Amino acid sequence: PWARLVALIEPHYPRGGSGRKPMPLERMLRIHFLQQWYAYSDPGMEEALYEIPLLRQFVGIDLGRDFVPDETTLLKFRRLLERHDLARAIFEEVQVVLREKGLLLQEGRMVDATLIHAPSSTKNRERKRDPEMSSTKKGNQWYFGMKAHVATDLQGIVEAVEVTTAKVPDHKALDALLTGEERVVLADRGYDYPSVHERLAAQGTQDAVALRRTPGQRKGLAALKRYNRSVARIRALGEHAFRVLKCQFGYRKARYRGLAKNGAQLTTLFALANLHLLRRRLLTA
């Protein structure tokens with residue numbers, strides 16, 4: 001939906017004066033999305049536009065007639081999106097488009113979270129790690145970075161995104177992911193807390209949160225395992241967006257410093273992941 005996305009950004013985009021005209025907005029947006037799809041840095045994107053004809057064709061650049069935006073122009077465009085919270089607006093507009101085409105399921109939500117690594121080295125200008133990132137332990141291994149919390153519909157399409165530092169427990173982000181109108185909520189054992197079950201019961205939502213084995217429990221283990229497996233079969237669809245981010249788009253490590261910049265990138269990536277997951281149905285809708 002290029003025209004609708006361009007319309008969101010246009011009020012904030014520089015119009016230019018008597019000097020050199022700014023790059024066409026849709027071209028800059030297409031380049032920005034290429035950076036997300038192929039994990040290009042700003043210098044890498046500039047170089048790729050000179051070297052790869054297919055990318056130039058996608059963004060509408062003719063080297064004999066058009067300028068290729070340099071890395072500084074790409075940086076300024078990304079900062080414009082961050083400054084006006086336009087990544088969130090793009091995500092919400094994609095949701096509207098999918099809803100209009102009847103491609104979202106409204107019955108319930110699945111919630112999940114994934115760890116995103118951040119550089120732990122102190123070999124930088126400030127000689128310290130990113131203060132907005134933190135460490136957390138998963139299993140027997142420690143990780144440094146942030147968390148992406150998402151709520152998806154029952155087919156795995158992301159409907160809400162929240163980004164926190166890594167040490168925030170999964171269930172603490174639940175308020176930002178749920179609307180209170182869900183008929184059913186599915187989640188893994190990381191959400192098995194009394195406060196979560198009480199909240200779902202209070203709003204009349206069917207509770208399909210996987211359960212932990214209580215200390216010393218000996219009875220009902222087979223039934224507990226069957227229940228958790230039944231939840232996991234459905235909930236597995238909710239992890240498809242993470243697979244698209246990390247495998248298709250190559251997003252495995254935070255690129256910037258600070259939660260705001262990385263959160264804006266993640267929000268854009270999840271909007272693009274939704275379009276990727278529904279690409280065949282969108283072509284026929």
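This briefing covers the nonpolar cores, the aromatic pairs and the charges over rings in the structure above. The model is predicted: local features need pLDDT of at least 70, side-chain atom pairs count only at pLDDT 80 or more, and totals for chains, interfaces and linings use all residues. Residues are numbered from 1 along each chain as its sequence is written, and side-chain values use heavy atoms, with hydrogens and water left out.

**Nonpolar cores**

- The largest nonpolar core has 54 residues, and I9 and F270 touch the most other members. A nonpolar core is a set of buried Ala, Val, Leu, Ile, Met, Phe, Trp, Tyr and Cys residues joined through side-chain atoms within 4.5 Å.
- Domain 1 (2-84) and domain 2 (106-284) both contribute residues, so this core lies between them; the domain bounds come from an automatic or database domain assignment.
- Beyond its neighbours within four places in sequence, I9 is in contact (heavy atoms within 4.5 Å) with L25, L29, F77, L80, L81, L86 and I90.
- A second, separate core has 13 residues, including A160, L174, V185 and V209.

**Aromatic pairs**

- There are 7 aromatic pairs in the structure. Rings of Phe, Tyr and Trp (its six-membered ring) pair if their centres lie within 6.5 Å; planes under 30 degrees apart count as stacked, over 60 as edge-to-face and the rest as tilted.
- W2 and F33 form a tilted pair, 5.6 Å centre to centre with 35 degrees between the planes. This pair links distant parts of the chain, 31 residues apart: W2 is in helix α1 (residues 2-9) and F33 in helix α2 (residues 25-38). Helices (H or I, at least four residues) are DSSP runs, numbered from the N terminus.
- W2 is partly exposed, at 25% relative accessible area, whereas F33 is buried, at 4%. Buried means under 20% relative accessible area, exposed over 50%, and partly exposed in between (1.4 Å probe, protein chains only).
- Y13 and F77 form an edge-to-face pair, 6.1 Å centre to centre with 75 degrees between the planes. Y13 lies in the loop between α1 and α2 and F77 in helix α5 (residues 71-83), so the pair ties together parts 64 residues apart in sequence.
- Y13 is buried, with a relative accessible area of 13%, and F77 is buried, with 4%.
- One aromatic cluster is formed by W2, F33, W37 and F58.

**Charges over rings**

- The charged end of R30 sits over the ring of F58, 4.9 Å from its centre. A charge sits over a ring if NZ of Lys or CZ of Arg is within 6 Å of the ring centre and within 35 degrees of the ring normal.
- The ring of Y193 has the charged end of R212 over it, 5.0 Å from its centre.

Conventions
Helix = DSSP H or I, 4+ residues; strand = E, 2+ residues; numbered from the N terminus.
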